[in-house]
Structure formats: C-alpha cells, structure tokens
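Dear colleague,

Please find below the structure that I am handing over to you. My notes on what was found in it follow directly after.

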Amino acid sequence: MHKKNVNLDLKWSDLRKRAEEILKNSNYNIEEYSSNDLVALIEDLQIHQIELELQNQELQRVQEVMTETSKRFYDLFHWAPIGYVVLDKDCFIVEVNYTFTSMMDWGENKPIGKSFIDFIDAESKSAFMARYKAFFNNPAGKIVETNLLTANGEIKYVLIEGAKNNFSGSIKKTPTNSICCCP
C-alpha cells in the first residue's frame with residue numbers, strides 16, 4: 001500500500017507542476033480582482049476541492065469493487081469443476097483454467113500461445129479440424145468429441161462444448177471462444 005501511495009503522490013506532484021506552469025503562462029492577474037471577487041473565488045475553489053475529494057473517494061470505492069469482482073471471476077474461471085480453454089479463431093490457446101491444466105497433467109506450465117491441435121491425438125486431429133471453423137463461428141448447441149494427449153502421453157476422451165465470449169486475449173486481438181472439456 002505504501003508504494004501505491006508514493007506513486008500517487010508523484011502523480012499529484014506532476015499534475016501540480018503542470019497546473020502551476022499553465023497558470024504562470026496564462027493571462028490571470030490577481031490584482032484585477034476585488035476582495036469580494038477573491039472571497040467568492042476562494043469559496044468556489046473550496047467547493048470544487050470538496051467535489052474532487054468526493055469524486056476521488058467514489059473512484060476509489062468503485063476500484064475496490066472492480067478489483068474484488070475481478071478476483072471473484074478469476075477464481076470462478078480457474079477453480080471451476082470442469083476444464084476451460086479459450087481459443088482464438090486459428091485454434092491457438094489464449095487462456096486455460098487450473099482444472100484443464102490439471103486434467104492435462106501440465107502442472108504449472110500453461111501452453112498459452114500454442115496450438116490446441118498439438119494436444120489432440122493424431123487419429124482425432126483431422127476430424128477436429130474439419131469441424132473447428134464451424135464450431136468456432138457458431139458454437140451454440142454444438143458438442144465435439146475428441147481425444148486429447150496429456151503431458152504424460154495418456155489419451156483422454158473429452159466432450160467439448162463451446163460458447164462465444166468477449167474475452168480479450170493476451171496473444172492476439174482476435175475474437176475468442178471458450179470451450180469446456182469434460183473428461
């Protein structure tokens with residue numbers, strides 16, 4: 001938390017310097033204002049400062065809610081009782097959950113960026129590829145059966161069901177779909 005506060009202090013310091021520079025280069029001349037104008041200006045500035053503080057508090061609250069929500073969805077995805085794999089249109093792995101990683105005996109090694117085809121049994125590859133494009137484009141209600149090869153060379157029969165999603169993959173900025181694999 002301390003490091004975060006230091007970074008915020010540096011950002012505020014930079015903002016302050018920029019604001020001072022803008023003020024210095026502007027045409028404001030304080031001597032042109034009456035004392036009543038200055039009192040009104042100070043009051044306006046105090047109100048504006050309070051508004052900004054309230055907005056900042058709300059932004060911090062929303063950030064905390066978003067962080068907690070993100071953590072819950074992360075946990076929901078990774079600790080689901082079935083394996084999930086997110087693939088792009090070219091059948092490359094964008095994300096996998098821990099259940100799928102465990103099912104495939106990958107340990108901590110996530111094959112992000114690798115072709116999903118590499119993990120399909122040789123006898124099942126052509127059938128899977130023949131159906132993948134249609135499956136990817138319109139996965140609703142479709143199930144694909146295939147055999148996957150685990151890291152230990154074991155063949156696992158799986159049913160794959162797909163779903164469209166808006167997952168922004170870290171590998172490519174292309175559309176992705178989730179598939180769930182049930183052994």
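**Surface and overall build**

The chain exposes about 13,300 Å², of which carbon and sulfur atoms supply 56%; accessible areas come from the Shrake-Rupley method with a 1.4 Å probe, and for residues only the protein chains shown count as cover. Please note that this is a predicted model, in which local features need pLDDT of at least 70 and side-chain atom pairs count only at pLDDT 80 or more, while totals for chains, interfaces and linings use all residues. Residues are numbered from 1 along each chain as its sequence is written, and side-chain values use heavy atoms, with hydrogens and water left out.

Four helices and five strands make up the secondary structure of the chain, in the order α-α-β-β-α-α-β-β-β from the N terminus. Helices (H or I, at least four residues) and strands (E, at least two) are DSSP runs, numbered from the N terminus. Of the 183 residues, 26% are buried (buried means under 20% relative accessible area, exposed over 50%, partly exposed in between, with a 1.4 Å probe and protein chains only). Among contacts (heavy atoms within 4.5 Å) with a separation of 6 or more, 46% join residues 24 or more positions apart.

**Salt bridges**

The structure holds five salt bridges, a salt bridge being a side-chain nitrogen of Lys or Arg within 4 Å of a carboxyl oxygen of Asp or Glu. One of them pairs Asp-75 with Lys-71 at 2.9 Å, N to O. These two residues are four apart in helix H2 (residues 35-78), which means that about one helical turn separates them. Asp-75 is partly exposed at 28% relative accessible area, and Lys-71 is likewise partly exposed, at 46%.

Glu-95 and Lys-110 form another salt bridge, with their closest N and O atoms 2.9 Å apart. This pair links distant parts of the chain, 15 residues apart: Glu-95 belongs to strand S2 (residues 93-96), and Lys-110 to the loop between helix H3 (98-103) and helix H4 (122-137). Glu-95 is buried at 19% relative accessible area, whereas Lys-110 is partly exposed at 30%.

**Around Asp-88 and Asp-90**

Asp-88 is found in strand S1 (residues 83-88) and is buried, with a relative accessible area of 0%. A polar atom of the Asp-88 side chain lies 2.9 Å from the backbone nitrogen of Asp-90. The side chain of Asp-90 also meets that of Lys-89 in a salt bridge (3.5 Å, N to O). Asp-90 is partly exposed at 38%, as is Lys-89 at 44%.

With kind regards

Methods. A polar contact is a pair of N or O atoms within 3.5 Å; within protein, one must be able to donate a hydrogen and the other to accept it, and residues adjacent in sequence count only if both atoms are side-chain atoms.
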